[in-house]
Amino acid sequence: MAMLHTVNKSPFERSSLNSCLNKSKEGSSILLIEDAVVGALKGTKVADDLSAAIANKNVYVLGSDLNTRGFTEADILDGIKTVDYAGFVDLVAEHSNVQSWL
Amino acid sequence: MKFTLLINEGPYQHQASDTAYQFAKAALEKGHEIYRVFFYNDGVNNATRLAIPPQDDRNITENWAALAKEHELDMVVCIAAAQRRGMLDADEAGRQGKDANNIHPAFRISGLGQLVEGGIQADRLLTFGD
Amino acid sequence: MSDGIKKFMFVNTKAPYGTVYALESLEVVLISAAFDQSVSLVFCDDGVFQIANNQNTDGSGMKNFSPAYKALGDYDINKLYVEKESLEERGLSLDNLMDLTYEDEDDDWAEKPSIILVSRAELADLMDEQDVVISS
């Protein structure tokens with residue numbers, strides 16, 4: 001089983017998404033929560049990094065945190081999947097361990 | 001599956017406690033077990049029973065307390081982190097000669113070993129912080 | 001996980017003093033030593049500053065907790081992984097870090113370095129094999 005990484009900071013303010021991307025293995029999963037959800041938007045300066053990650057990792061975004069900040073699934077990069085809290089729980093259960101990039 | 005949750009940020013200042021609460025609720029609804037919720041760093045401030053949030057906002061401490069009552073959650077506040085920040089239960093206030101206490105009865109104060117033990121006993125330990 | 005022993009990894013990513021995370025993480029690490037688990041530490045990103053040598057808090061009034069890292073070896077915590085790229089990005093080398101060692105009981109108590117320099121890719125592999133990862 002692969003590892004689940006969570007990121008909760010905006011990549012425009014802090015570097016934890018970058019740290020996560022460069023220390024997560026192929027086949028692992030990354031879940032963007034809290035302020036990190038804005039990193040999933042289309043057309044940002046980190047869009048290329050995330051698109052590269054999507055090629056060999058599973059990238060998810062917590063939908064309610066996206067909605068809370070005024071965005072929907074239509075606003076995020078193709079290939080990023082939206083989950084709710086139940087989906088968040090499933091991801092934690094399905095992966096071998098979890099690391100929160102704080 | 002058994003989860004231990006570690007909450008490292010105080011209420012309102014940061015979303016961490018809210019996220020952890022929503023996660024705990026969803027996990028319990030799916031039939032999972034929350035082995036322990038451990039409050040550390042400024043997360044100990046979630047245990048104050050004296051907060052008065054505006055009426056149109058959520059009451060984070062009461063939300064945790066209600067969830068704990070419904071599911072018999074073990075909510076542990078780190079004693080070292082709590083003492084640093086002036087969070088005391090009645091016993092501790094008496095022992096330290098302080099004139100007040102502020103820990104909500106739904107929480108209990110204990111040592112950091114409870115966090116490590118939570119990591120050993122649970123299938124997953126999940127951190128919510130800043 | 002085998003024979004009830006879990007692999008705990010404490011990942012330090014933040015600089016010391018500006019926030020309390022480094023100090024309070026170290027307190028968890030010291031407690032964890034009492035539980036006979038497999039414990040390792042990681043210093044990456046700004047976490048590498050936590051073990052910089054010559055920390056002097058006289059002027060700031062902060063508590064200098066850096067000596068506590070030197071005690072880790074006495075607690076049988078001797079796997080301190082430092083990410084090479086994080087050091088380089090910050091203009092640092094091993095010479096800028098404290099001399100952290102332990103005495104190897106399987107080798108006639110010879111004093112050995114606790115710091116293990118690893119690449120980003122090696123670190124990703126190490127994280128992947130843990131049971132519990134606590135980062136701050």
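B:G86 is placed in the loop between helix 3 and helix 4 (90-96) of chain B, where helices (H or I, at least four residues) and strands (E, at least two) are DSSP runs, numbered from the N terminus. This is a predicted model, in which local features need pLDDT of at least 70 and side-chain atom pairs count only at pLDDT 80 or more, while totals for chains, interfaces and linings use all residues. Residues are numbered from 1 along each chain as its sequence is written, and chains are lettered from A and ligands numbered from 1 in the order in which they are written.

Is B:G86 buried or exposed? B:G86 is exposed, because 12 other C-beta atoms lie within 10 Å; a residue is called buried if 20 or more other C-beta atoms lie within 10 Å of its own, exposed if 12 or fewer, and partly exposed in between, with C-beta atoms placed from the backbone. Although B:G86 and B:N45 are 41 residues apart in sequence, their C-alpha atoms are 9.1 Å apart in space.

C:D108 is exposed, with 7 other C-beta atoms within 10 Å, and C:W109 counts as exposed with 10 C-beta neighbours inside 10 Å.

We turn now to helix 1 of chain B. This helix has 14 residues and reaches 20 Å from its first C-alpha to its last, close to the 20 Å expected at 1.5 Å a residue, the expected span being 1.5 Å times one less than the number of residues. Its buried residues include B:A16, B:Y21, B:F23 and B:A27, and the buried residues of helix 1 pack against helix 4 of chain A together with strand 1 (2-7), strand 2 (33-39), helix 2 (60-71) and strand 5 of chain B. After helix 1 of chain B comes B:G31, whose phi is positive, near 90 degrees.

How do helices pack across two chains? Two packed helices are described by the angle between their axes and the distance between the axes. Helix 4 (residues 85-94) of chain A and helix 1 (residues 16-29) of chain B pack at an angle of about 80 degrees, with their axes 8 Å apart; axes are lines fitted to C-alpha atoms, for helices over the stretch in contact, and angles run from 0 to 180 degrees between N-to-C directions. Helix 4 of chain A is therefore roughly perpendicular to helix 1 of chain B, since angles under 35 degrees count as roughly parallel, over 145 as roughly antiparallel, 65 to 115 as roughly perpendicular and the rest as oblique. A:Y85, A:A86, A:F88 and A:V89 make this contact from helix 4 of chain A, and B:Q22, B:F23, B:A26 and B:A27 from helix 1 of chain B, where two residues are in contact if their C-beta atoms, placed from the backbone, lie within 7 Å.

Finally, 15 residues of chain B are in contact with 16 residues of chain C. Helix 5 of chain B supplies the largest share of the side of chain B that touches chain C, namely five residues.
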